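Work through the exercises below with the sequence and the 3D view open. Try each task before reading its solution.

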Amino acid sequence: MSTRISFILNGSRVTVDVEPWESLLDVIRKKLGLKGTKLAFCRGACGGCGACTVIIDGRAVYSSILPAYKVDGRNVITIEGLASPEGLHPLQEAFVEAGAIQCGFCTSGMLMSAKALLDENPDPSDDEIKDALRGNLCRCTGYVKIIEAIKLASKRMRRPAGGG
Amino acid sequence: MRTIRKFEFLNARTIDEAVNTLAAYKGKAWPFAGGTDILRMMRFQPLPENLYPEVLINLKTISPSLEYIKEEDGILSIGALTKLVDIANNALVGERYSALANAANKVASPQIRNMATISGNICQLTHCLYFSKPDNRFHCLRKGGSECPAQLGDNRYCSIFGDVNGCVAVNTSDIAPALIALNARIKTNKRMVNAGEFWDVRVPGSTILDEDEIVVEIQVPRPPPDAKSVFMKFSIRSSIDFPIVNGAALIGDGVARIALNAVAPKPYRATKAEEVLKGKTIDETAAEEAAIAAVSEASPLSFNKWKISVAKAIVKRMVLNTKSR
């Protein structure tokens, strides 16, 4: 039996009918048309690759194993919610500059985990960054450039706006 | 992508409503907490047709909420629906019940810990590679079949302490050994159970819970002031993976409690190792003796003798770690 749910998606309220067995990932991609959140090798069974990571109420979670039914009334941010009309998010810019992207499939998940981290801890140590990325796999870059990118973004985001 | 199995959600408003619904559906309803395992089960369908739920009972809607951590009169009480991330990050738990905080922090990955609950972790299904294969590829003993494919097949990660009714799958909870080492109690809607007795030997059951029974609270007595508790986990990757062997220990102040998991169909209390440590000063020799005693009753299968060495190393390191303060 489908249920009408309503939640905040990237700052705007959306209302959508979902079936109890539909994952949030399916609803975001198929019903709401946002294709930035990825389904990877887990085929929806969660091998812990992290490509489907979204942020719900400030915390990074896997959208592939979360029934959409459960996000009624909550605040969801996907990769599409990162950039603003003015331009890319500092994390996105840093990923591009540091070369933290190769095939790009893990990138949206990496960025969401990184955003959840920086929102809570604006100046993380290397170990804290590694811990925050423990649920995301990248098969190309070897992680070093991803960690560098997050450090770069952290540094820029902590600088007061308009300052040198 | 595979077609997922269909089911309905029911929101429970009270504990009574949840357990009454469970009873009414006679096994065709499952409680739903963090849900990190359930969508996978419904999509990959490792079980035979008769074992799936028609209804999932959402426990998050129960009022008053079962999500809390508090310490009163020397007892730490954790609500059944408390997320692992909140246990791992709780300063009080980290300071006085460190084995539990460390265990919570070692489960799977950050995203899973942000969703998964303590009760879901301790009620997870006892499983092996064969049990988990999609489409009930192996109709094993645990599913009502007549033989255990792991006994003669790939049993690298299976039990080193014998079978239960022929099944050699292991319990892979990281929280379980910590609760046993810390002498915790598990409160259900029906009774209070010592952690050591919570995991059952029945096949296909993984816990002692009845069909109409749910975990309500975990209670952990504050350890003696001079005792130290530790948790240790060995897995292929340092995150995401289930343990190959894990363990927890509470040692000091005249107390020695050691539990291992992923080594048997239910968590294994290393009582022989505890006896060895009684009245001894912890040093390299005592730790080595405890480690040998912990695995003295092991009876490995054809491909998993190596797990004995892992279990030994974990016991030895845990014992030594309780010494350094």
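Both B:Phe161 and B:Tyr268 are buried, where buried means under 20% relative accessible area, exposed over 50% and partly exposed in between (1.4 Å probe, protein chains only). The model is predicted: local features need pLDDT of at least 70, side-chain atom pairs count only at pLDDT 80 or more, and totals for chains, interfaces and linings use all residues. Residues are numbered from 1 along each chain as its sequence is written, chains are lettered from A and ligands numbered from 1 in the order in which they are written, and side-chain values use heavy atoms, with hydrogens and water left out.

**Exercise 1. Aromatic pairs**

Find how many aromatic pairs the structure holds, then describe the one formed by A:Tyr69 and B:Phe9.

Step 1. Apply the criterion: rings of Phe, Tyr and Trp (its six-membered ring) pair if their centres lie within 6.5 Å; planes under 30 degrees apart count as stacked, over 60 as edge-to-face and the rest as tilted.

Step 2. Over all chains, there are seven aromatic pairs.

Step 3. A:Tyr69 and B:Phe9 are stacked, at 4.4 Å centre to centre with 5° between the planes.

Step 4. A:Tyr69 sits in the loop between strand S4 (59–62) and strand S5 (75–77) of chain A, and B:Phe9 in strand S1 (residues 8–11) of chain B, so this pair joins two chains. Strands (E, at least two residues) and helices (H or I, at least four) are DSSP runs, numbered from the N terminus.

Step 5. Check burial. A:Tyr69 is buried at 13% relative accessible area; B:Phe9 is buried at 8%.

Step 6. Now take B:Phe161 and B:Tyr268. They stack at 3.7 Å centre to centre, with 10° between the planes. B:Phe161 lies in the loop between helix H9 (149–152) and helix H10 (175–181) of chain B, and B:Tyr268 in strand S12 (residues 268–269), so the pair ties together parts 107 residues apart in sequence.

**Exercise 2. A buried arginine**

Step 1. Locate B:Arg257: strand S11 (residues 255–261) of chain B.

Step 2. Look for other partners. A polar atom of the B:Arg257 side chain lies 3.2 Å from the backbone oxygen of B:Ala181.

Note on methods: Polar contact = N/O pair within 3.5 Å; in protein donor to acceptor, adjacent residues only side chain to side chain.
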